[in-house]
Amino acid sequence: MSQAVVVQNLVYAYSQGEPVLRGISFTLNAGDRVALMGPTGSGKSTLLENLVGLKQPQSGKIWINGIPVESKTLPQVRRQIGFGFQDPNDQLFMPTILEDVTFGPRNYGVSPAIAIDKARHLLANFGLEAYVNRSAHELSGGQRRLAALAAILALEPEILILDEPTNGLDPAWRRHFAQLLLQWQGKVMLIASHDLHWLSKVTRRALVLSGGRIEIDSDIQLLLQDVDTLERLGLPVDW
Ligand SMILES: Nc1ncnc2c1ncn2[C@@H]1O[C@H](COP(=O)(O)OP(=O)(O)O)[C@@H](O)[C@H]1O
Ligand SMILES: [Mg+2]
């Protein structure tokens, strides 16, 4: 089976701090849809940013589709990945959201007409057809999230890495987005979220971060039935 993401003994500390990631190892195979869980501050965003080369680990190695993640391979690595920041404001920087969504494909050599056509289609799919010529500042938080997701999907990445993608979305949009992701069979997905119910619809496997390590790597349905373990790892299902 081909390995889309391989992480070996990853250690990462912010300057002067204790390590946030203390030896993380896991593998994502072709077609894997995986939830990244863990309480606030457990290091989910830090791990995802290491995977896409936005942060450099103190030790350990990462391969994306067989390419080692290093400064000189970053353009090649980023071409394989669609990365959704926890904060959509980090994703949207063009004068209009239409330009935000065409930016990536245009950068990769897609013709303007095709890029615009696809962007309009994606934005319409997210209920934003009336907003294509507005800037992200003029959208609600949830609409900004949807525009950022459209910009990521426009790249048609092989590997989708999303950091809390349902934040700010109402239940109807959360469901719509889940359905959209489920149509994307065969892609590799790693999705950090606190939305356990949503994750259980979209992903099949769960990694749980705790104490800087992957404490659990299991079937997500089995994990969600194990209320004691969830509670112990700081992930109460309800209260
Ligand atoms: N820029 C930063 N400088 C120093 N510490 C940080 C920084 N960003 C995050 N941290 C710390 O790293 C830990 C993990 O944060 P983060 O990866 O954002 O967790 P999560 O995404 O799981 O909520 C937290 O203790 C947080 O305070
Ligand atoms: Mg985070």
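This is a predicted model: local features need pLDDT of at least 70, side-chain atom pairs count only at pLDDT 80 or more; totals for chains, interfaces and linings use all residues.
The protein chain contains nine helices and ten strands. Its C-alpha atoms fill a box of roughly 50 × 45 × 40 Å along the principal axes. The radius of gyration is 18 Å, which agrees with the value near 18 Å for a compact globule, because the chain has 239 residues. Buried residues account for 40% of those 239. Among contacts with a separation of 6 or more, 64% join residues 24 or more positions apart.

An open sheet is built from four strands. Their order is β2-β1-β4-β5, and the pairing is antiparallel. Strands β2 and β5 (67-68) stand at the edges. Each has a single partner strand, so one side of each lacks a neighbour in the sheet. In general, the strands of a sheet pair through backbone hydrogen bonds, in either a parallel or an antiparallel sense.

Strand β1 covers residues 3-13 and strand β2 residues 19-29. Eight bridges hold this antiparallel pair. Within it, Val6 has Thr27 of β2 as its bridge partner. Tyr12 stands opposite Leu21, also in β2. The two strands form a hairpin with five residues between them. In that turn, Gln16 has a positive phi of about 70°. On the β4 side, five bridges join β1 to residues 59-64, again antiparallel. There, Val11 is the bridge partner of Ser59 in β4.

The loop between β2 and β3 holds Asp32. This residue counts as partly exposed because it has 19 C-beta neighbours inside 10 Å, whereas a buried residue needs 20 or more. Leaving aside residues up to four places away in sequence, Asp32 touches Ala4, Val188 and Arg205. Asp32 and Leu98 are 66 residues apart in sequence, and their C-alpha atoms are 31 Å apart in space.

Thr40 counts as exposed because it has 7 C-beta neighbours inside 10 Å. Thr40 and Asp195 are 155 residues apart in sequence, yet 12 Å apart in space from C-alpha to C-alpha.

The largest nonpolar core has 69 residues. Leu36, Leu123, Ala147, Ala150 and Ile161 touch the most other members. Helix α5 (residues 141-153) supplies the largest share of this core, eight residues. The contacts of Ile161 include Leu48, Leu51 and Val52. Ile81, Phe83 and Leu190 are also touched by Ile161, not counting residues up to four places away in sequence.

Helix α3 spans residues 97-107. Its buried residues are Ile97, Leu98, Asp100, Val101, Thr102, Gly104 and Pro105. An α-helix has 3.6 residues a turn, so residues three or four places apart point the same way. The cover over the buried residues of α3 includes α4 (112-125) and α5. Just after α3, Gly109 takes a positive phi of about 90°.

Notes:
Residues are numbered from 1 along each chain as its sequence is written. Chains are lettered from A and ligands numbered from 1 in the order in which they are written. Two strands pair if DSSP finds at least two bridges between them. A nonpolar core is a set of buried Ala, Val, Leu, Ile, Met, Phe, Trp, Tyr and Cys residues joined through C-beta atoms within 7 Å. A residue is buried if 20 or more other C-beta atoms lie within 10 Å of its own, exposed if 12 or fewer, and partly exposed in between; C-beta atoms are placed from the backbone. Two residues are in contact if their C-beta atoms, placed from the backbone, lie within 7 Å. The radius of gyration is taken over C-alpha atoms; the globule rule is 2.2 Å times the number of residues to the power 0.38.
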